[in-house]
Amino acid sequence: MQSTNSNKQIWALIDCNNFYASCEKLFRPDLWGKPVVVLSNNDGCIIARSREAKALGIPMGEPAFKLKLLLEKHGVTIFSANFALYGDISSRIMNILESLCPKCEQYSIDEAFLQLDGAILPNLGGFCADLRKTIQQWTGITVSVGVGMTPTLAKLANHIAKKNPQFHGLYSLARKSTEIDSWLARIPVAEIWGMGKGHCKKLQANGISTALAMKNADDVWLKKNLTITGFCTALELRGITCQTTWENPDWKRKTILHSRSFGNRIHGFEELSEAVSTFTARCAERMRAMRLVAGGIWVRIRTSNFDSGYYANSGSASFLASTDDTAILIKKAKHILQNIYASGYPYAKAAVMFFDLAEKDKRQLSMFETTTEKSDNLMAALDRINQRYGKLTLRFGAMGLHVADWNMKQKRRSPGYTSDWNELAMVRWSCTPGKAGGLNCEPLKAAEYLGRLKAASSTD
DNA sequence: TCTGGGGTCCTAGGACCC
DNA sequence: TCTGGGGTCCTAGGACCC
């Protein structure tokens with residue numbers, strides 16, 4: 001009998017090429033074809049590179065100050081991370097994918113898995129090419145597509161599509177097993193999804209250096225040395241899907257974290273307390289948007305690894321009744337901070353995490369608290385105002401009243417082209433008749449343009 | 001001078017119980 | 001003074017992802 005995959009599910013991984021750098025280029029046609037890098041928060045490390053920057057040999061994850069000369073020499077354009085922009089472009093792409101495929105699961109800001117019906121196999125090339133073309137036309141972002149019988153194989157296929165220009169950003173491993181194996185024999189274990197440094201070291205020490213060798217490795221050895229997750233990866237290389245997280249209706253978010261390095265070191269308790277309170281408020285805002293409540297809170301402070309005299313400490317506390325009230329959360333965070341703070345250190349980083357999350361509508365109230373209506377109304381008003389008039393318009397005194405010295409550095413952030421009326425891309429020129437005839441033209445910001453439209457319509 | 005942030009999962013080991 | 005065996009739960013830490 002002829003083997004067929006037509007009744008099976010197959011997986012496609014869609015991955016945006018050089019995503020952050022591509023987003024920056026969308027609104028800067030002058031940078032097309034030129035090297036661009038994006039820096040981490042506080043303008044620390046390089047976290048994204050355009051194709052041209054990769055070709056110059058600029059490494060990923062390297063601190064920018066170490067590469068200053070190289071970046072200058074090649075005229076590389078440097079951006080601070082602009083996550084509001086990347087998040088917005090990402091959601092546009094995810095919307096397109098969802099409209100093209102009912103079973104679509106976002107995996108990261110720039111990746112999504114599609115579950116396709118095996119019946120599509122004869123027309124797979126056409127479907128994927130259309131998908132690439134649509135995303136390119138509607139958003140300006142180029143994506144690579146990898147297809148396989150399991151998520152792990154789809155990931156590898158995507159890797160092949162990226163590394164081999166002759167495939168034009170699209171490769172399928174949903175083929176004969178001999179053909180799959182000939183690819184796997186050429187792929188080093190480090191390229192396999194889930195195989196990091198530690199696992200690769202163990203694999204190589206045991207003589208397993210290619211994806212094919214891992215596929216054929218001994219089950220007992222895999223479980224013992226790479227834990228159950230490594231064993232599952234080997235199963236996926238064999239074509240057996242283990243990944244179930246996405247289809248599981250019981251999946252729940254477990255934690256919400258806000259962690260930042262400071263723009264400048266903090267020495268005093270008061271300032272540190274303002275930072276921790278601000279981080280707590282940010283977590284709370286995100287948590288309310290997800291309709292969740294926290295059962296506990298964890299706070300950590302630390303100095304820099306690169307300063308002498310390292311100090312780090314953390315503490316946590318649980319609530320009798322889970323809450324999403326910023327005032328209660330800040331109070332607890334400050335209490336923890338008092339217990340873990342030691343004076344005399346230059347603090348470089350703090351983190352706040354909420355854990356034991358639960359759905360707000362299903363939460364357990366305490367014996368003494370029968371309603372949270374007052375708090376709910378207050379928090380809802382707070383969120384609405386800050387959403388409408390900008391972050392921190394309304395805030396708690398504990399967060400400090402001035403622009404803090406510890407705020408992160410973002411010297412080269414691009415405008416919020418798609419997320420801020422005042423920073424929208426310029427849409428037209430404003431022209432007035434010049435004295436000597438002709439026109440005087442100036443760029444007109446979108447916000448101003450809208451203002452004029454509004455004024456004009458109210459006088460009609 | 002300057003070295004990111006936000007997650008998940010797994011395991012070993014300690015505390016505790018009967 | 002002797003000090004087993006089986007079980008659960010919690011936590012810290014490691015590994016991995018993008």
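**Exercise 1. Aromatic pairs**

How many aromatic pairs does the count come to? Classify Phe19 with Tyr20, then Tyr107 with Phe113.

*Solution.* Start with the rule. Rings of Phe, Tyr and Trp (its six-membered ring) pair if their centres lie within 6.5 Å; planes under 30 degrees apart count as stacked, over 60 as edge-to-face and the rest as tilted. By this rule the count comes to 20 aromatic pairs.

Take Phe19 and Tyr20. Their ring centres are 6.1 Å apart and their planes stand at 55 degrees, so this pair is tilted. Next come Tyr107 and Phe113. Here the centres are 5.9 Å apart, the planes make 70 degrees, and the pair is edge-to-face.

Some rings form a cluster. Phe269, Tyr311, Tyr341, Tyr345 and Tyr347 make one aromatic cluster.

A note on the source: this is a predicted model, where local features need pLDDT of at least 70, side-chain atom pairs count only at pLDDT 80 or more, and totals for chains, interfaces and linings use all residues. Residues are numbered from 1 along each chain as its sequence is written, chains are lettered from A and ligands numbered from 1 in the order in which they are written, and side-chain values use heavy atoms, leaving out hydrogens and water.

**Exercise 2. Buried or exposed?**

Sort Phe19, Tyr20, Tyr107 and Phe113 by accessibility.

*Solution.* Buried means under 20% relative accessible area, exposed over 50%, partly exposed in between (1.4 Å probe, protein chains only). Phe19 has 4%, so Phe19 is buried. Tyr20 has 16% and is buried. Tyr107 has 37%, so Tyr107 is partly exposed. Phe113 has 1% and is buried.

**Exercise 3. Charges over rings**

Which ring does the charged end of Arg175 sit over? Which ring does Arg186 lie over?

*Solution.* A charge sits over a ring if NZ of Lys or CZ of Arg is within 6 Å of the ring centre and within 35 degrees of the ring normal. The charged end of Arg175 sits over Tyr171, 5.4 Å from the ring centre. Arg186 lies over the face of Trp183, at 4.3 Å from the ring centre.

**Exercise 4. The faces of H13**

Find the buried residues of H13 and what covers them.

*Solution.* Helices (H or I, at least four residues) are DSSP runs, numbered from the N terminus. H13 covers residues 373-389. Its buried residues are Ser375, Met379, Leu382, Asp383 and Asn386. Just after H13, Gly390 has a positive phi of about 105 degrees.

How values were computed. Helices (H or I, at least four residues) and strands (E, at least two) are DSSP runs, numbered from the N terminus. The expected span of a helix is 1.5 Å times one less than its number of residues. Contact means heavy atoms within 4.5 Å.
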